[in-house]
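The following note sets out several points for a colleague examining this entry. Please read the numbered paragraphs alongside the sequence and coordinates.

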Amino acid sequence: MIWFALRRLMSAVPTLFIVIFASFMIMHAAPGGPFDGERQLPPEIEQNLLAKYDLDKPLLEQFYLYMEGIVTEFDFGPSFKREDFTVTELISQSWHVSARIGISALTIALLVGATLGCLAALNQNSWIDYFVMALAMTGITIPSFVIAPVLSLFFGVWLNLVPSAGWGGGAIPNMILPVFALSLGPLAVIARLTRGGMIEVLRSNFVRTARAKGLPEGLVIRRHALRAGLLPVVSYLGPAMAALMTGSLVIERIFGLPGLGRYFVDGALQRDYTLVLGVVILYSTLIITLNFIVDVMYGVLDPRVRASQ
Amino acid sequence: MTDTSIGTPGGKIAEIKGRSLWDDARRRLFANKAAVTAMILLGLLFIMAVVGPFLSPHTFEEQNYAYTSGAPTLSAPTQEGGTTFYLFGTDANGRDIFARTWIGARVSLAIGFVATAVSLVIGVIYGATSGFIGGRVDNIMMRIVDILYSIPHMFVFIILLVVFGRSGGILNLLMLFAVIGALEWLTMGRITRGQTLSVKEKEFIEAAHAAGVGRWTMIRRHIVPNILGPVVVYMTLTVPAVILIESFLSFLGLGVQEPLTSWGRLIAEGAQEMETAPWMLLFPVLFMAVTLFCFNFIGDGLRDALDPKDR
């Protein structure tokens, strides 16, 4: 088990390094620098500015300094376009917004998705099953950036039940619509995965054994079937996290939330390379770490996987 | 489809009309009402994507300042004082939503198909090579796929588009095709490899070996036709996934650039004017949703048809 975790870690670390290195190089290969303004700077001043930000050094050295800053001081460098801020400041101002929305959405997607999937599997080919599957199909095909404005218009503007946009300092009513819109996609996938997993498990020998020895149906499902039936959902946690992060790019924009996603998109549109790079590194680290944890967890949960490693 | 490429070599015997895998699959697919409906709807959508823009008296760029953000109508004023019609209404610049929706359909569908084709070529070649050679090479090639898998793709698209892709015009479109296709081949590669591995060990391959079939003929006539099923299914599911990615990027303002448009761009514009001109959002969303549904139903239908034991 420890060997398996170590081996996975040995591929996770280089992956992360490759992502950071590639993003850094692409960003610095991009035409135009941070100080290309309308006004041509005198060469001496430009030289000083470049020296201040280490931009006059060879690219590899710049990369080394950048990495050193991140590892030792969690410093992602200065923002190119928001001049008085460092990327770290911008990120630390906004990450908690994205984190709150993302974690709430993931929780809802897991709870509701798994419940719906179980219901569908236990009532296979009934109207419940068809209803859940239709709902899942809708959630998968209709993108969050379509659902979000419609929700905002309907519940926010017409019915006036909840605020149609804005963060409001993180008040619960302000969070309802964004979290709901964000969770729909992963919720649909989780419902489908749970249904598939449960249907397969309910037909398997160990469930038949559990029933044969006279366990009540509730216990069979809770103690035996669910554990195995939810395995596909565990392996989806990594992609779900990625989906939530990309989803929050549009959700934060639509609802005007001051989160990381909005900084990322604004940064991308304004070519604020350091800001974009910082957010990408943060997100990649999160996703790669989560994938690593999920893989190891999967080995713990499913003895068959461990045996084949 | 490709049913001529498998079955009996020589063709003469085919008069007996055996039921090949693909005949069976086609029969099952056409018996699936949801899939058939989806195919018909998708066919109509394709036709409209081609001829739709010509059915409107306006081009997709033409602006009419006498009728901006106008509701769908049969008698709208023109700038010259005459009257004209807008079936789907106009946007904030007085452009015809009808023409724009179908131009958007063209662009979105084109990106969907071209990027899927790119991913198909890369994925099948990579996966088949990996599976066919096997051993150490297979290990390394699949480890590379694992690494690429754990990279958040949407962020890579965005970085690449920010740095290279926002020049506008055809170049921008090509960039989108290439970038999306080049990063979406991973699952295709895995599926192809898995299939190749399992097919490689089958008796009929051994028989073909014994009959002295060459390596290239082996791949082309015996391996590829037999791994096609899952690949085709996954391909049908890649097209809507790519359309979604493109619309996502366009929604953020990073995808297709003005004056060209796509469903994603139209939806982004529509979402901003939703309260005053809901038709701007409604029509693009409607057709995009129908398209995505259709592809998903066809994909599910194909999966059931090609792999009946999975039902």
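1. At 0% relative accessibility, B:Thr261 counts as buried, because the threshold for that class is under 20% relative accessible area. The model under review is a predicted one. B:Thr261 lies in the loop that joins helix 9 (215-251) to helix 10 (263-272) of chain B. Leaving aside neighbours within four places in sequence, the contacts of B:Thr261 are B:Arg100, B:Ile103, B:Gly104, B:Val107, B:Val256 and B:Leu266.

2. B:Glu246 belongs to helix 9 of chain B. This residue is buried yet has no salt bridge. The nearest side chain of opposite charge is that of B:Arg265, 8.2 Å away, whereas a salt bridge requires a side-chain nitrogen of Lys or Arg within 4 Å of a carboxyl oxygen of Asp or Glu. Not counting residues up to four places away in sequence, B:Glu246 touches B:Ser108, B:Ile111, B:Leu176, B:Ile180, B:Val256, B:Ser262 and B:Gly264.

3. The largest nonpolar core holds 141 residues, and the members that touch the most others are A:Phe264, B:Ile111 and B:Ile158. Helix 11 (residues 279-306) of chain B supplies the largest share of this core, with 15 residues. Another core, of 11 residues, lies apart from it and includes A:Cys118, A:Ala121, A:Val201 and A:Ala210. As general background, nonpolar side chains tend to be buried together in soluble globular proteins.

4. B:Ile158 has contacts in both chains: A:Leu249, A:Phe264 and A:Ala268 in chain A, and B:Leu249, B:Leu252 and B:Leu254 in chain B, leaving aside neighbours within four places in sequence. Among these partners, A:Phe264 is itself one of the core members that touch the most others.

5. Which residues make the nonpolar surface patch of about 780 Å²? The patch is made by B:Ile40, B:Leu41, B:Leu44, B:Ile47, B:Val50, B:Val51, B:Phe54 and B:Leu55. Of these, B:Leu44 is found in helix 2 (residues 33-55) of chain B.

6. Chain A has 13 helices and zero strands. Of its 309 residues, 47% are buried. Among contacts in chain A with a separation of 6 or more, 70% are between residues 24 or more positions apart. The accessible surface of chain A comes to about 15,400 Å², and carbon and sulfur atoms account for 66% of that area.

Conventions
Residues are numbered from 1 along each chain as its sequence is written. Chains are lettered from A and ligands numbered from 1 in the order in which they are written. This is a predicted model: local features need pLDDT of at least 70, side-chain atom pairs count only at pLDDT 80 or more; totals for chains, interfaces and linings use all residues. Side-chain values use heavy atoms; hydrogens and water are left out. Helices (H or I, at least four residues) and strands (E, at least two) are DSSP runs, numbered from the N terminus. Buried means under 20% relative accessible area, exposed over 50%, partly exposed in between (1.4 Å probe, protein chains only). Contact means heavy atoms within 4.5 Å. Accessible areas come from the Shrake-Rupley method with a 1.4 Å probe; for residues, only the protein chains shown count as cover. A nonpolar core is a set of buried Ala, Val, Leu, Ile, Met, Phe, Trp, Tyr and Cys residues joined through side-chain atoms within 4.5 Å. Patches are made of residues with over 30% relative accessible area and no salt bridge: like charges are joined within 9 Å, nonpolar side chains (Val, Leu, Ile, Met, Phe, Trp, Tyr) within 5 Å. Lys and Arg count as positive and Asp and Glu as negative; His and the chain ends are not counted.
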